[in-house]
Amino acid sequence: MIEARGVSVSIGRKRIIEGVDLRAQPGRITAIVGPNGSGKSTLLKALSGDLAHEGKISMHGRDIRTVKPHEAASMRAVLPQSTTLSFPFTVREVVRLGLLGGWSGVPAREAGRLPERALVRVDLDGFAGRFYQELSGGEQQRVQLARVLCQVWMPVLDGRPRYLFLDEPISSLDIRHQLAIMDVALDFARRGGGVLAVLHDLNLTAMYADSVYVMQRGRLAAAGAPAEVITDSLIARVFECPLRVGVVPRGVPFILPQTAGG
Amino acid sequence: MSSDATAMAPLTTVEPDGDRSGRARFAIVALCVLLVLAIALGVSSGASDASALAVLRDWLAPGDGVLSERDRIIVHDIRMPRTVLGVLVGAALAVSGAVMQGLFRNPLADPTIVGVSAGASLGAVSMIVLGATLLAPASAVLGIFALPVSAFCGGLAVTLILYRVATRQGQTSIATMLLAGIAIGAMAIAMTGLLIFIADDRQLRDLTFWSLGSLAGATWTKVFAAAWIILPALGAAPFLARGLNGLALGEAAAGHMGIPVQRLKHVAIVAVAAATGAAVAVSGGIAFVGILVPHLLRLLIGPDNRYLLPCAALLGASTLLCADAVARTVAVPAELPIGIITAAAGGPFFLWVLLRRRGVIDL
């Protein structure tokens with residue numbers, strides 16, 4: 001389990017997030033949502049160990065300050081919002097970088113074929129020989145997801161669940177690939193891994209997430225199951241936008257932007 | 001990326017599955033053969049007509065009169081140290097360039113462009129001019145290593161300053177790095193100028209000889225002094241390759257994949273400064289090898305440092321030996337400075353590469 005207790009992050013003299021508690025459990029998709037600039041990505045960076053923090057963040061019960069980079073890399077993989085490369089890598093070469101640490105969890109002789117399998121998972125079959133720089137933003141994002149999947153290919157390693165940290169994994173994708181990528185995350189969670197994702201799309205959050213953390217101005221505004229959290233009053237308060245939340249028969253809330261202002 | 005990017009013809013032929021490791025392994029073998037040929041060229045070209053074959057036969061059966069005593073001295077005491085020095089310096093320059101480009105995630109990074117060579121020159125010139133006075137204790141302790149070690153210190157100082165100035169929150173700014181490199185290089189050149197201004201006649205002769213950028217005057221002592229610094233730096237390169245590959249995705253992503261980023265940066269900076277410093281100390285400033293060779297190789301085998309670094313060492317060595325062969329035969333009996341050859345041939349070639357690859361190498 002990934003657990004944050006009273007986590008605060010300052011950059012320079014500016015407090016970016018303040019006193020956040022969060023738990024990401026194996027077998028579940030945990031979503032972090034909130035308006036632009038509310039501290040979602042900063043929270044994910046603190047959980048990834050990129051930013052110095054106050055409070056406590058633990059991974060499998062260990063304080064992440066004491067976890068070495070190579071140990072952390074065997075427990076979780078991180079997908080950044082976007083990645084630019086200065087050198088002409090082919091798609092296969094980029095995906096293969098995910099195997100660099102050797103924690104995919106499959107035997108070495110099978111690991112060589114993982115890049116192709118990962119590319120199939122993100123619907124980029126046949127793209128292996130293309131140059132990364134020649135792809136669209138959404139395609140590049142899916143290549144990076146394939147790389148991240150290679151790093152933690154088996155969701156459980158030596159009996160311990162592993163995690164995917166995804167920073168806006170679907171914000172540059174078309175609707176078909178948004179669903180496809182969320183299905184990849186869901187599959188990872190169903191097979192025993194944990195997923196922690198910063199998301200913008202509240203409808204997909206409601207559809208896929210098991211628990212939702214709502215950030216507002218660096219603090220936690222609400223946390224819980226989607227049906228408890230995504231409500232008229234919370235949306236109006238946090239996003240400062242009067243929207244009506246509907247509910248489809250299975251109990252999943254949805255939001256239509258057409259309801260704003262009316 | 002422009003929308004017509006996918007419609008463009010492939011800029012290089014790449015295996016359909018995007019795996020260039022087979023091609024890279026073949027390149028290593030081919031470049032080994034090229035280096036052997038270049039060494040043969042280095043040993044056999046010059047005013048005396050002792051051929052590589054004759055040298056080889058003399059080795060296998062010494063004393064059967066294939067080589068005259070005069071030719072043997074020319075080969076053993078002039079051409080061979082010069083050839084070995086060319087291999088060391090060429091490999092050092094090309095590998096330094098490749099490592100620096102990986103470290104800064106920038107295909108423009110090169111010791112000569114960002115001022116590291118200027119810093120190394122300042123270190124070397126300080127030792128030549130002040131070696132008998134201000135730096136006399138250091139000169140006495142270091143002996144034959146005085147020049148390469150002082151050049152190493154100069155190069156290291158510039159690299160450290162550059163990294164501190166250009167890197168903020170784990171991101172290295174391309175523009176800041178180039179501008180800072182130019183500024184630091186200008187300061188180093190100014191201080192070098194000041195030292196030349198106060199140098200006496202004998203020191204000036206040493207300086208002129210040294211700064212021409214040449215492998216002329218190679219002796220086994222020089223080779224020995226340079227090898228002690230260059231070989232460990234080159235030896236570190238294979239251990240950097242995996243980390244530099246991860247670093248291509250950025251410092252944060254490299255850390256997430258388990259790479260000890262800080263240690264990688266420290267080792268890479270010291271290795272680049274050592275290799276560049278020693279190369280500058282024994283050969284003056286030789287331009288363009290560090291940027292040309294890695295670029296050409298990335299076109300051929302891709303940017304995977306596990307193959308790029310050994311290939312750069314091999315091709316850098318071969319390139320310098322060929323340039324040196326041209327330098328000493330094109331204006332016989334005089335010698336052109338080798339820096340003129342590498343810059344005159346490298347400049348146009350580099351422009352051509354840039355024009356051809358603008359689409360993929362999007363700075």
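Let's start with one helix, H13 of chain B: its 25 residues should span 36 Å at 1.5 Å a residue, and its end C-alpha atoms sit 35 Å apart, which agrees. Keep in mind as you look around that this is a predicted model. H13(B) is mostly covered, with 22 of its 25 residues buried.

Pick out Ser318(B), which has its place in H13(B), residues 305-329. Is Ser318(B) buried or exposed? There are 27 other C-beta atoms within 10 Å of Ser318(B), and the cut-off for being buried is 20 or more, so Ser318(B) is buried. Now look at what lies around it. Leaving aside residues up to four places away in sequence, Ser318(B) touches Leu31(B), Leu34(B), Leu35(B) and Ala38(B).

Of the contacts in chain B with a separation of 6 or more, 79% are between residues 24 or more positions apart. Chain B has 363 residues, and buried ones make up 50% of them.

Two packed helices are described by the angle between their axes and the distance between the axes. Stay with H13(B) for the opening example. Helix H12 of chain B, residues 289-301, packs against H13(B) at an angle of about 125 degrees, with the axes 9 Å apart. That makes H12(B) oblique to H13(B), and the crossing is right-handed. On the H12(B) side you'll find Val289(B), Val293(B), Pro294(B), Leu297(B), Arg298(B) and Ile301(B), while the H13(B) residues they meet include Tyr307(B), Leu308(B), Cys311(B) and Leu315(B). By class, this contact has 11 nonpolar, 2 polar and 1 charged residues.

Next, move to H11 of chain B, residues 261-283. Which helices of chain B cross H11(B) here? H4(B) is one of them, and H6(B) is another. Take H4(B), residues 116-130, to begin with: its axis comes within 9 Å of the axis of H11(B), and the two cross at roughly 55 degrees. H4(B) and H11(B) are therefore oblique to each other, and H4(B) passes H11(B) in a right-handed crossing. Val116(B), Ser117(B), Ala120(B), Ser121(B), Gly123(B) and Ala124(B) in H4(B) are the residues that meet Val272(B), Ala273(B), Thr276(B), Gly277(B), Val280(B) and Ala281(B) in H11(B). Sorted by class, that contact has 7 nonpolar residues, 5 polar ones and no charged ones.

Now for H6(B), residues 146-166: its axis and that of H11(B) come within 7 Å and cross at roughly 135 degrees. That makes H6(B) oblique to H11(B), again with a right-handed crossing. Among the H6(B) residues in this contact are Leu147(B), Ala151(B), Gly155(B) and Tyr163(B), and among their partners in H11(B) are Ile269(B), Ala273(B), Gly277(B) and Val282(B). The residues here divide into 16 nonpolar, 5 polar and no charged.

Time to cross over to chain A. The two chains meet through 27 residues of chain A and 34 residues of chain B. On the chain A side, helix H2 (69-75), strand S6 (76-79) and helix H3 (91-96) each supply at least two residues. That side of chain A divides into 14 nonpolar, 9 polar and 4 charged residues.

Chain A has a helix H6 of its own, residues 137-151, with 15 residues; it reaches 22 Å from its first C-alpha to its last, close to the 21 Å expected at 1.5 Å a residue. Of those 15 residues, 13 are buried, so H6(A) is largely enclosed by the rest of the structure.

Finally, look at two loop residues. Most residues other than glycine have a negative phi. His60(A) has a positive phi of about 50 degrees although it is not a glycine. You'll find His60(A) in the loop between strands S4 (54-59) and S5 (62-63) of chain A, partly exposed, with 15 other C-beta atoms within 10 Å. Asp123(A), not a glycine either, has a positive phi of about 60 degrees. Asp123(A) sits in the loop between helix H5 (114-121) and H6 of chain A, and with 16 C-beta neighbours inside 10 Å it counts as partly exposed.

Note on methods: Residues numbered from 1 in each chain as written. Chains lettered and ligands numbered in written order. Predicted model: local features only at pLDDT ≥ 70, side-chain atom pairs only at ≥ 80, totals over all residues. Axes fitted to C-alpha atoms, helices over the stretch in contact; angles between N-to-C directions. Helix = DSSP H or I, 4+ residues; strand = E, 2+ residues; numbered from the N terminus. Parallel < 35°, antiparallel > 145°, perpendicular 65-115°, else oblique. Left-handed = near helix turned anticlockwise from the far one by under 90°. Contact = placed C-beta atoms within 7 Å. Nonpolar A, V, L, I, M, F, W, Y, C, P; charged D, E, K, R; others polar. Expected span 1.5 Å × (residues − 1). Buried ≥ 20, exposed ≤ 12 C-beta atoms within 10 Å, placed from the backbone.
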